[in-house]
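Q: Please take a close look at one part of this model, the open sheet and the loops that follow its strands. Keep it brisk.

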Amino acid sequence: AIAALNDIQGRSEGEKALGGVVELGGLTLGPGLYTSTIAMHLILGDLILDAGGNSDAVFIFRMPTTLSTAADRKVILAGGANPSNIYWSTGTAATFAARCLMQGNIFAGTAI
């Protein structure tokens with residue numbers, strides 16, 4: 001797990017900087033490295049991760065503070081996306097509300 005976390009934190013190639021506090025709900029994203037300068041949330045809708053037919057596609061979400069969701073939100077996999085190739089890395093906590101369906105590997109600095 002530590003090797004995977006170090007790999008995630010060290011990547012920068014193809015980085016897609018999304019800004020400060022990022023709302024992921026309602027988006028459809030392809031493979032890549034997505035970063036925020038503050039936090040990421042899944043509040044306003046579900047997030048679709050579309051691998052475009054490539055089951056080896058990797059999705060990385062990296063933020064220095066928190067990842068949080070609202071109740072009943074989902075990360076939906078499409079196009080052969082594999083949950084083993086999805087990584088969420090927070091500097092502090094990951095907080096998931098009731099009945100939330102997350103997909104992937106979650107690394108949190110302080111708490112989940």
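A: A residue counts as buried under 20% relative accessible area, as exposed over 50%, and as partly exposed in between. The model is predicted.

Start with the sheet. Four strands make it up, in the order β2-β5-β8-β11. The sheet is open and its pairing is parallel. At the edges lie β2, residues 21-23, and β11, residues 94-95. Each of these two pairs on one side only. Strands of a sheet pair through backbone hydrogen bonds.

Strand β5 covers residues 39-42 and runs parallel to β2, with three bridges joining them. Val22 has Met40 as its bridge partner in β5.

His41 also sits in β5. Its relative accessible area is 18%, so His41 is buried. Leaving out residues up to four places away in sequence, His41 touches Val21, Val22, Glu23, Leu24 and Gly25, and also Thr66 and Ser68.

Next, the loop between β8 (67-69) and β9 (75-78), which holds Asp72. Asp72 is not a glycine, yet its phi is positive, about 70°. Its relative accessibility is 37%, so Asp72 counts as partly exposed.

Arg99 is found between β11 and β12 (105-108). Here too phi is positive in a residue other than glycine: the value for Arg99 is near 60°. Arg99 counts as exposed because its relative accessibility is 61%.

Note on methods
Residues numbered from 1 in each chain as written. Predicted model: local features only at pLDDT ≥ 70, side-chain atom pairs only at ≥ 80, totals over all residues. Heavy atoms only, no water. Pairing = 2+ DSSP bridges. Buried < 20%, exposed > 50% of the residue type's maximum accessible area, 1.4 Å probe, protein only. Contact = heavy atoms within 4.5 Å.
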